[in-house]
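Visitor: Can you walk me through this one? I'd like to go through it bit by bit.

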Amino acid sequence: MTNDAATDDPPRSRAQPMAAEDRKAMIIEAVIPLLLEHGRGMTSRQIADAAGIAEGTIFRAFGDKETLITAAIEKYLDPEPLREALRRIDPSLPLENKMRAILYLLRERFQSVMRIIPVLGQQRPPVPEERGEFAQIIARILEPEAAELNWPPERVAHLLRLMSFSSAFPALNEGVEFSIDDLARMTLVGVAGTSPHVLIPSSDTEASCS
């Protein structure tokens with residue numbers, strides 16, 4: 001006699017519904033590329049398709065599209081990923097390599113900010129709290145060479161920020177673009193003086209910053 005209970009398939013457990021905050025985070029991640037491509041004119045249908053959800057889910061999660069856009073902009077401009085990437089730079093690396101890695105990360109950040117500016121319109125980008133924290137992080141990276149620097153490490157951090165910011169403006173650099181190697185050499189020796197040691201290749205620096 002066959003034991004039907006033994007041959008029956010085990011009952012399937014239902015997938016657990018996504019937590020509200022996880023759902024919001026997923027929608028925001030899907031919206032950011034649309035925001036950069038279409039601006040505020042993106043439709044709720046485009047958002048739903050990108051996130052793989054029903055349109056009604058968007059409004060249940062955020063109430064309206066403008067609230068979602070604001071949340072996406074805040075996520076995109078969050079400075080913490082940059083700070084965390086800077087923290088991962090090894091202070092024991094040669095100075096030239098550290099300069100290059102810092103400049104690469106800062107310029108990537110400013111270039112990403114430039115991409116969102118047209119979307120902001122009259123809205124000013126939010127000013128992050130503890131704006132000087134990035135300088136403190138960079139100062140810790142440069143501390144082993146502090147005695148060799150012409151300025152205190154935190155002031156050098158602001159110099160690197162200034163150079164990265166100006167080099168991220170497309171209109172200012174069209175036809176005369178400076179590479180990260182160029183910026184690192186300018187930072188280390190200016191426009192005259194002894195050339196620094198050979199810098200690590202671009203691909204190696206980018207890999208170490210990812």
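Guide: One term to begin with: buried means under 20% relative accessible area, exposed means over 50%, and partly exposed is in between, using a 1.4 Å probe and protein chains only. This is a predicted model, where local features need pLDDT of at least 70, side-chain atom pairs count only at pLDDT 80 or more, and totals for chains, interfaces and linings use all residues. Residues are numbered from 1 along each chain as its sequence is written, and side-chain values use heavy atoms, with hydrogens and water left out.

Visitor: OK, how much of the protein chain counts as buried?

Guide: 38% of its 210 residues.

Visitor: And what does the secondary structure come to?

Guide: The protein chain has 12 helices and 0 strands. Helices here are DSSP runs of H or I with at least four residues, strands are runs of E with at least two, and both are numbered from the N terminus.

Visitor: What share of the contacts join residues at least 24 apart?

Guide: Among contacts between residues at least 6 apart in sequence, 67% do. Contact means heavy atoms within 4.5 Å.

Visitor: Let's look at a helix pair. At what angle do α2 and α4 pack?

Guide: About 115 degrees, with the axes of α2 (residues 20-38) and α4 (residues 55-62) 10 Å apart. The axes are lines fitted to C-alpha atoms, for helices over the stretch in contact, and angles run from 0 to 180 degrees between N-to-C directions.

Visitor: Which residues make the contact?

Guide: From α2, Arg23, Lys24, Ile27 and Ile28, and from α4, Thr57, Ala61 and Phe62. That set divides into 4 nonpolar, 1 polar and 2 charged. In this count Ala, Val, Leu, Ile, Met, Phe, Trp, Tyr, Cys and Pro are nonpolar, Asp, Glu, Lys and Arg are charged, and the others, Gly among them, are polar.

Visitor: What about Ser44, what is it in contact with?

Guide: Leaving aside neighbours within four places in sequence, Ser44 contacts Glu55, Ile58 and Phe59. Ser44 lies in α3 (residues 44-51) and is buried, with a relative accessible area of 18%.

Visitor: Switching to α6, which residues are buried there?

Guide: In α6 (residues 80-87) they are Leu82, Arg83, Ala85 and Leu86. Seen down the axis, the buried residues of α6 fall within an arc of 160 degrees, so they line one face of the helix. The arc is that of the directions from the helix axis to the C-beta atoms.

Visitor: Why would residues three or four places apart point the same way?

Guide: An α-helix has 3.6 residues a turn, so residues at that spacing point the same way.

Visitor: You mentioned Arg83. What about Glu133, what is it in contact with?

Guide: Arg83 and Arg87, leaving aside neighbours within four places in sequence. Glu133 is in α8 (residues 133-142) and counts as buried at 17% relative accessibility.

Visitor: Last stop, α11. Which residues are buried?

Guide: Ile180, Asp181, Leu183, Ala184 and Thr187, in a helix covering residues 180-189. They cover an arc of only 165 degrees around the axis, which puts them on the same side of α11.

Visitor: What's at the start of α11?

Guide: A side-chain oxygen of Ser179 comes to within 3.3 Å of the backbone nitrogen of Asp181. That is a polar contact, meaning a pair of N or O atoms within 3.5 Å; within protein, one must be able to donate a hydrogen and the other to accept it, and residues adjacent in sequence count only if both atoms are side-chain atoms. After α11 comes Gly190, with a positive phi near 70 degrees.

Visitor: And what does the side chain of Thr187 reach?

Guide: The backbone oxygen of Leu183, at 2.7 Å. Thr187 counts as buried at 16% relative accessibility. Leaving aside neighbours within four places in sequence, Thr187 is in contact with Met99, Leu103, Leu160 and Met163.
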